[in-house]
Amino acid sequence: MEEQVYQPSNDDYDGIGYYALRLAMTRTLAEEMALKQEYLTGGLSVVVTEAGGSTKKDFQQKTSRAVLGAAMNAGLVKKSSYEIHALLHATEEAKRGAIINTSSEANLAVKIAIVRKSHWIAVAIFGESAIHPMTSHERCGLGVMNI
């Protein structure tokens, strides 16, 4: 049986949300580096960062700063209002997905992948949250915006 590969239907959009989630979910540095190389060869721009916080407010602030800094330092976005605006909207959407139904006192630790192709940008968040170590469980969020 031939393995089926996910193929997005719109070449311009290229399903970058899928690529961002896949990258955020890598478990080892070697796996992350191999996937980043594959993406770069395929014409995607990528960067990975991490964030964590002990409350929703703390987590949200740290995540926004981490995403903005990583994307600007990697050259994924320029210092223009429309590029930063799109990045921050994608980040807010991803954060909402990751923290929905989370206690305001939960600790969160996540890996964040940012992927860009042409005028599309995706922010994927994958990690864990817990109030107590015995209650730790995985969470994810995704935001995709047009620049």
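Student: What makes E3 and E4 a pair, and in which sense do they run?

Tutor: This is a predicted model, and in it E3 and E4 are joined by ten bridges in the antiparallel sense. Pairing requires at least two bridges, so the ten bridges between E3 and E4 meet the rule. One of the bridges sets Trp120 against Asn146 in E4.

Student: Why is H1 called roughly antiparallel to H2?

Tutor: The two helices pack at an angle of about 160 degrees, and their axes are 9 Å apart. The label applies to angles over 145 degrees, so H1 counts as roughly antiparallel to H2. On the H1 side the contact involves Tyr19, Arg22 and Leu23. On the H2 side it involves Glu32, Leu35, Lys36, Glu38 and Tyr39.

Student: What makes Glu38 and Arg22 a salt bridge?

Tutor: Their closest N and O atoms are 3.6 Å apart. The cut-off is 4 Å, so the pair Glu38 and Arg22 qualifies. Glu38 belongs to helix H2 and Arg22 to helix H1 (residues 16–24), and the two are 16 residues apart.

Student: Are those two residues buried, exposed or partly exposed, and why?

Tutor: Glu38 has a relative accessible area of 45%, and Arg22 has 34%. Buried means under 20% and exposed over 50%, so Glu38 is partly exposed and Arg22 is partly exposed as well.

Student: How do you know that Arg116 and Glu83 form a salt bridge, and why are they called buried?

Tutor: The closest N and O atoms of Arg116 and Glu83 are 3.1 Å apart, and the limit is 4 Å, so this pair counts. It links strand E2, which holds Arg116, to helix H4, which holds Glu83, 33 residues apart. The relative accessible area is 14% for Arg116 and 4% for Glu83. Buried means under 20%, so both residues are in that class.

Student: Which residues form a network of salt bridges, and how many salt bridges are there by this rule?

Tutor: For Glu32 and Lys36 the closest N and O atoms are 3.4 Å apart. These two residues lie four residues apart in helix H2, about one turn, and both are buried. The count by this rule comes to seven salt bridges.

Student: What makes Ala130 count as buried, and what does it touch?

Tutor: Ala130, in strand E3, has 12% relative accessibility, and with buried set at under 20% it therefore falls in that class. Leaving out residues up to four places away in sequence, Ala130 touches Ala106, Asn107, Thr135 and Ser136. The C-alpha atoms of Ala130 and Asn107 are 5.4 Å apart, although 23 residues separate them along the chain.

Student: Which residues touch the most other members of the largest nonpolar core, and which elements supply it?

Tutor: Leu87, Ile112, Ile114 and Val123 touch the most other members of this core, which has 23 residues. At least two residues come from each of strand E1 (45–53), helix H3 (56–73), helix H4 (81–99), strand E2 (107–117) and strand E3 (120–130). H4 gives the most, with six residues. The contacts of Ile114, beyond four places in sequence, include Val46, Val67, Leu76, Leu87 and Val123. A second, separate core has 17 residues, among them Ile16, Tyr19, Leu23 and Val48.

Student: Why might nonpolar side chains be found in such groups?

Tutor: In soluble globular proteins, nonpolar side chains tend to be buried together.

Conventions
Residues are numbered from 1 along each chain as its sequence is written. This is a predicted model: local features need pLDDT of at least 70, side-chain atom pairs count only at pLDDT 80 or more; totals for chains, interfaces and linings use all residues. Side-chain values use heavy atoms; hydrogens and water are left out. A nonpolar core is a set of buried Ala, Val, Leu, Ile, Met, Phe, Trp, Tyr and Cys residues joined through side-chain atoms within 4.5 Å. Buried means under 20% relative accessible area, exposed over 50%, partly exposed in between (1.4 Å probe, protein chains only). Contact means heavy atoms within 4.5 Å. A salt bridge is a side-chain nitrogen of Lys or Arg within 4 Å of a carboxyl oxygen of Asp or Glu. Axes are lines fitted to C-alpha atoms, for helices over the stretch in contact, and angles run from 0 to 180 degrees between N-to-C directions. Angles under 35 degrees count as roughly parallel, over 145 as roughly antiparallel, 65 to 115 as roughly perpendicular and the rest as oblique.
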